[in-house]
Amino acid sequence: MFYWVMKRIFLGPVLKLLFRPWVKGLDNIPADGAAIIASNHLSFSDSIFMPLMVRRPVVFLAKSEYFTGTGIKGRLTAMFFRLTNQLPMDRSGGAASEASLSAGMDVLSHGGLLGIYPEGTRSPDSRLYRGKVGVARLALKAGVPVVPVAMIGTDKVQPIGKRLPNIRRIGMIFGEPLDFSRYHDQAEDRLVQRQVTDEIMFELMRLSGQEYVDEYAAVVKLRLAGKPVDPAAAAEPLATPAPTDVSPDADAGAPNVRAGHQAADHGEGQDDGGAAATA
């Protein structure tokens with residue numbers, strides 16, 4: 001109820017009036033049935049704007065730190081995330097990440113839309129970074145399509161570290177659903193998980209026009225902050241262990257992408273009435 005009221009009555013109309021979001025390809029979201037919406041991640045506000053424009057409710061896997069804050073601000077943040085259909089995702093790997101996988105699978109098994117950021121964290125510099133294979137494992141185990149979505153301009157609205165947003169227009173492009181049913185019996189194959197993830201990242205790069213970087217964003221953030229690289233930052237949340245008969249860098253190849261690949265036409269017109277978001 002809270003989700004519907006905020007989206008339709010209070011928060012939604014105000015955000016649409018201020019930021020005038022434009023949308024392309026909204027009809028690529030299935031009208032019913034389970035699917036994963038895989039998005040690039042430029043800003044904290046991605047999790048607000050994108051579900052606002054999708055007619056169906058979207059449940060996001062959000063980093064667990066949003067749910068464990070202390071003090072008044074931390075508790076309010078946790079409450080907001082829970083009331084807006086978001087689930088905590090532990091990115092440390094192992095049993096904790098497996099629990100996050102189960103939560104995502106539960107959403108999909110009930111025919112819902114699951115939103116996930118394959119990069120695992122916000123981009124530190126507006127470029128697109130290597131995807132983690134959790135999105136592939138979920139798609140393969142659940143046997144559902146993946147709809148890639150490119151958020152446009154949200155990094156300008158709310159850059160990292162900025163509390164108050166800049167009022168300017170943003171957009172989003174929903175690509176055609178990606179079907180990975182050809183891998184239906186290989187959900188636990190790590191190399192297949194990497195291949196599927198790389199296909200998703202290629203589509204995100206094509207739609208967004210971002211420069212691709214074959215490195216994890218979490219690792220880059222630590223390096224920029226002058227901190228040692230935590231092994232967990234380079235880990236694959238929700239991934240299965242690497243098979244022992246595969247060389248350590250067997251899945252370290254970059255997706256079939258080219259840095260600086262140009263986006264599809266980013267005309268700021270709306271294609272299908274997507275501005276009128278309905279639950």
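Is R130 buried or exposed in this model? I looked this up first, keeping in mind that the model is predicted, and found that R130 is buried, since its relative accessible area of 7% falls under the 20% cut-off.

I then turned to the partner of R130 and noted a salt bridge between its side chain and that of D214, at 3.3 Å from N to O. R130 sits in the loop between β6 and α5, and D214 in the loop between β9 and α8, so the pair ties together parts that are 84 residues apart in sequence. D214, at 36% relative accessibility, counts as partly exposed.

My next entry concerns E188 and R137, which form a salt bridge whose closest N and O atoms are 3.4 Å apart. Because E188 lies in the loop between β8 and α7 while R137 belongs to helix α5, this pair ties together parts 51 residues apart in sequence. I recorded E188 as partly exposed at 40% relative accessibility, and R137 as buried at 6%.

Within helix α7 I found D198 and R194 in a salt bridge, with the closest N and O atoms 2.9 Å apart; being four residues apart, D198 and R194 are separated by about one helical turn. D198 is buried at 9% relative accessible area, and R194 is buried at 4%.

Last, I checked helix α2 (residues 46–53), where seven of the eight residues are buried, so the helix is largely enclosed by the rest of the structure; among the buried residues I listed F49, M50 and L52.

How values were computed:
Residues numbered from 1 in each chain as written. Predicted model: local features only at pLDDT ≥ 70, side-chain atom pairs only at ≥ 80, totals over all residues. Heavy atoms only, no water. Buried < 20%, exposed > 50% of the residue type's maximum accessible area, 1.4 Å probe, protein only. Helix = DSSP H or I, 4+ residues; strand = E, 2+ residues; numbered from the N terminus. Salt bridge = Lys/Arg side-chain N within 4 Å of Asp/Glu carboxyl O.
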